[in-house]
Amino acid sequence: MNSLPTGTVTLLFTDIEGSTKLLQQLGERYARILAAHHEILRACFEKHHGRIVDTQGDSFFVCFARAMDAVNAAVDAQRALHTHAWDENIRVRVRMGLHTGEPTRAEDKYVGLDVHRAARIGAAGYGGQILLSETTHALVKNALPQDVTARDLGEHRLKDLRAPKRLYQLVIPELLSDFPPLKTLDARPNNLPAQLSSFVGRERELDELASLLRTTRLLTLSGAGGAGKTRLSIQLAEKMLDAFPDGVWFIELARVSDAALIPQTIATALGVRDEAGNLAQTLTNYLERKTLLLVFDNCEHLIDAAAQHAENFLRAAPNLKIVATSREALNLAGEHIFHVPSLPLPDTKRSLSPDELSQSDAARLFTERATAANNHFRVTEQNAPLIAQICRRLDGIPLALELAAARVTTLSVEQIAARLDDVFRLLTGGSRTAMPRQQTLAAAIEWSYNLLSNPERALLSRLSVFAGGWTLDAAEQICAGDGIAQLDILDLLTQLVNKSLVIAENNDGATRYRFLETIRQFARYCLYKAEAVELVSDRHLEFFGAFAETARAQLRGPAQIRWLERLDAEHDNLRAALLWALADNPTRSAQALRLTGALWMYWDTRGYFQEGLNWSERALAASAVENSARVQTLIGAGGAISRLGNLAQTTAYGEQARALARNIGDPRGEAEATMYLGFIHLLTGDTARADEWLNQAFVLYQAVGDADDLGRAQGPFAQRALMQGDYARAAELYKSSLTLFRQVGDVREIAGALNNLAGVVHTQGDFANARAYAQEALEMYTALSDKHGIATAQRELGSLACAQGNFLYAQPQLETSRALFEEMGDRLCALETDLELLALLTRATQNVQAAALGARVLQAAHVLQWASGIHLANHVLARLALAEGKIQNARDFLRAAFTQAPTAPDVPTTLALFDTAAQLATRQNEFARAAKLLGAAQAQREKFGVPRPPIESAAAENLRATLRAALEENFSSLWEQGYAWTMDEARKFALEM
């Protein structure tokens with residue numbers, strides 16, 4: 001990090017005058033000119049001990065520990081630029097501004113008013129001109145370079161600064177010294193209010209507004225209270241000063257309570273006297289000959305009168321333009337409405353460094369205001385995430401951020417973040433000179449609330465029941481009644497949008513509404529005050545219970561993608577409904593089961609396993625109701641807990657669900673629970689019980705007769721066939737289920753069947769079709785935004801690439817898959833992916849990493865009681881031990897793997913075990929044993945149709961050649977002995993090592 005000086009420093013800002021025009025003139029040649037400019041300036045700064053703080057495009061921000069160093073650097077730079085041999089007809093003119101102060105250092109930058117003062121001084125000048133603040137001049141006036149003098153330019157009002165500042169210009173004999181009047185607020189007549197603090201961000205908005213103002217005559221800035229409309233309008237007016245020779249005039253209407261006083265307020269600002277007895281007409285006559293800009297600030301409480309005056313003035317004065325700030329539009333012909341957004345927010349999904357945090361305007365504003373309030377305040381690695389959280393919780397509303405930042409005098413960032421649930425109590429104590437409605441956030445919002453009609457107020461408060469937004473249909477169903485007709489909801493909601501209290505967002509033709517969080521909290525307070533919380537919350541619960549049930553049915557058909565998106569949009573509302581259902585009132589607890597029973601499929605698709613389990617367990621504990629919703633909740637809880645790695649508890653949930661479904665006569669629920677039990681027994685290696693449960697489930701599903709259910713029922717049977725080595729049967733079942741899923745349009749199950757089919761044909765050596773199936777599955781999962789499915793398909797693609805020796809492609813696929821499973825908390829699938837990574841590391845001879853991972857995987861498989869995992873991990877560890885010459889360890893791992901195999905037959909791994917056993921026997925010079933084991937392996941591969949992966953074929957051929965050379969003519973007979981064995985005979989022989 002560049003270590004910047006602290007204490008009193010001199011700041012220098014430079015940029016090229018007319019750089020945009022120069023770029024247009026020179027085209028590609030501009031890059032060479034800019035590079036020469038940079039080289040000249042950098043050399044001068046370095047010569048005089050300057051530190052470059054920042055550089056953007058053609059501008060430099062440099063600091064100096066001594067004011068004389070800064071002056072000498074600026075003078076040398078102007079002389080060097082003047083004497084440089086530029087291209088013909090090219091003149092590069094650079095303006096420079098210097099100011100000495102004590103800016104606050106924040107990491108590798110400076111912040112504070114002194115920085116803005118230096119920047120404004122630089123921006124006030126012209127190319128070739130060096131301007132000094134009075135502070136800098138006082139330090140250098142008696143030690144200026146030879147022949148250089150300082151010219152007093154008098155006092156000037158600079159943008160963003162409160163009081164006029166005296167400025168000086170350095171006069172260098174051989175350089176231009178006469179320039180036009182400085183580009184300060186004094187250059188054009190105006191009454192723009194002086195600002196007490198810097199203006200942060202909004203660069204894009206200012207550029208857009210300036211462009212709009214060139215083509216429109218009435219520009220209205222609308223937005224919620226505290227959004228910064230007034231400050232933005234002043235900044236825009238300052239930016240546009242040069243475009244209005246008759247001035248820019250700020251008309252503050254917030255303090256005007258009577259519409260009849262508007263003409264006098266305007267006249268006072270303009271300095272116009274009423275000499276004809278009709279002030280409005282006098283103003284019209286005055287304005288019709290002027291080219292000026294009027295800023296009507298805070299029109300909302302006088303909206304009709306303000307609109308009428310604006311229309312009259314614009315009709316009479318062709319060169320007049322008006323910028324208005326209002327929480328709602330003036331609704332005049334030709335009006336352009338610009339909705340002032342909140343400040344851009346930092347990313348809260350990951351931990352941000354202080355530098356990354358500063359990229360957000362919201363965080364920059366908070367940081368600058370906090371530093372101004374407490375000069376000991378610093379952004380650190382520890383508090384940066386909390387600042388990001390504060391900015392997001394406060395919606396990037398400038399007023400809210402400023403009020404929160406002011407609290408750093410008495411509270412830490414951690415305390416501020418913790419108190420945001422009581423935001424209106426926290427955000428008080430604004431500037432004493434501000435309007436009362438700007439001194440607290442609550443007052444700013446209450447200002448708008450008091451201008452609403454009674455029905456608008458009632459709807460605003462009722463809408464606070466929503467979390468994360470709402471649709472018109474939801475608002476009509478939940479908020480109508482008790483004085484608000486359902487047919488009136490749309491008009492009332494439109495009024496709240498127009499008055500900047502509700503945000504309407506259109507996405508793919510559908511409109512969704514939301515509050516800023518601060519306004520939602522205010523509206524919630526109003527709902528409590530109206531004693532209507534229970535009534536509206538009950539309606540909200542009923543609405544979203546029905547919504548969840550409809551969604552669950554739709555998740556098994558062709559509308560799956562659209563309904564997943566709808567569930568995503570309403571997830572916060574569903575959580576709010578669950579919270580309300582699980583509150584102290586026991587009469588609502590059955591509604592919680594209704595929701596959890598309907599939502600488990602959504603939670604599973606999105607990978608919200610822990611959240612789904614938490615809600616399900618709370619709902620099961622809260623209600624004793626025995627119905628189909630409870631059955632579904634038990635099944636969902638069992639599925640979630642299996643993903644999280646507790647297979648024993650999964651069985652308990654499945655058994656409860658099956659018993660309850662049978663008792664209440666729920667055949668589909670009984671079939672689902674029974675099938676799930678069978679699948680879990682497959683995972684734990686209890687194949688006898690698995691066969692029993694699966695057969696029972698299939699009979700139950702046939703009775704239900706639903707194509708989608710029958711397709712799901714075939715999956716575990718296919719898995720069982722795989723474990724028995726019957727790949728043809730497994731492929732047949734997966735293809736049959738695929739056909740059924742395509743009939744009903746169940747996209748998620750289609751993708752699952754394709755991915756499973758990919759695994760089968762991969763094992764059979766059909767890599768081309770395997771990749772095609774897995775890639776199609778991945779595309780479908782991606783369309784669904786199904787994180788779990790995406791991870792599963794990526795694992796299959798990685799495994800395929802690994803088997804073919806393409807480690808560069810395989811490793812990132814597997815690591816991404818592993819990370820997704822870990823993120824979702826799916827311990828079992830993460831462990832399966834670890835096994836694939838373990839195979840990759842072993843095949844790539846990364847033995848150290850493989851050994852460490854293998855030990856962790858074996859331990860985790862034992863903890864989960866996952867039989868196949870134990871079997872696979874032991875085999876890979878045997879191969880590693882053999883590669884490192886640890887013969888006894890290799891033998892022990894092989895024995896453990898062969899011992900595990902009968903209870904969880906994994907044919908490909910068992911066949912690979914014979915190859916490894918043959919390698920071990922060869923290392924011990926037991927060539928006859930090795931030849932028999934190779935023969936046995938070949939026979940079983942042919943029987944099951946499982947060829948060796950290409951990556952392992954060469955090693956097998958080399959081993960065979962070694963044995964032929966050692967055994968000569970005996971090799972064939974020994975090999976044929978092993979070839980004649982059954983799987984059990986071959987396994988028994990291997991265990992005799």
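Close-up 1. Among the 127 residues of the largest nonpolar core, F366, I387, L459, L463, F466 and W470 touch the most other members. Helix α24 (residues 589-606) is the top contributor, putting in 9 residues. A nonpolar core here is a set of buried Ala, Val, Leu, Ile, Met, Phe, Trp, Tyr and Cys residues joined through side-chain atoms within 4.5 Å, with buried meaning under 20% relative accessible area for a 1.4 Å probe, protein chains only. Helices (H or I, at least four residues) and strands (E, at least two) are DSSP runs, numbered from the N terminus. Bear in mind that this is a predicted model: local features need pLDDT of at least 70, side-chain atom pairs count only at pLDDT 80 or more, and totals for chains, interfaces and linings use all residues. Residue numbers start from 1 along each chain as its sequence is written, and side-chain values use heavy atoms, leaving out hydrogens and water.

**Close-up 2. I387 and its contacts.** Setting aside residues up to four places away in sequence, I387 touches L357, A363, F366, F377, V379 and V413. Contact means heavy atoms within 4.5 Å. Elsewhere, a second, separate core of 44 residues includes A921, A937, F944 and L967.

**Close-up 3. An open, mixed sheet.** Its 7 strands run in the order β2-β3-β1-β4-β7-β9-β8. Strands count as paired if DSSP finds at least two bridges between them. β2 (51-56) and β8 (149-156) sit at the edges with a single partner strand each, so one side of each has no neighbour in the sheet. From one strand to the next, the twist averages 20°.

**Close-up 4. The β7 and β9 pairing, with helix α4 lying across.** Strands β7 (residues 130-133) and β9 (residues 165-171) are antiparallel, with 3 bridges; L132 has Y168 in β9 as its bridge partner. Helix α4 (residues 113-124) lies across β1 (9-16), β3 (59-64), β4 (94-101), β7 and β9, at about 150° to β4. Axes are lines fitted to C-alpha atoms, for helices over the stretch in contact, and angles run from 0 to 180 degrees between N-to-C directions.

**Close-up 5. S233 in helix α7.** S233 belongs to helix α7 (residues 229-239). This serine counts as buried because its relative accessibility is 1%. Beyond its neighbours within four places in sequence, S233 is in contact with L221, F250, V295, V323 and T325.

Note on methods:
Buried < 20%, exposed > 50% of the residue type's maximum accessible area, 1.4 Å probe, protein only.
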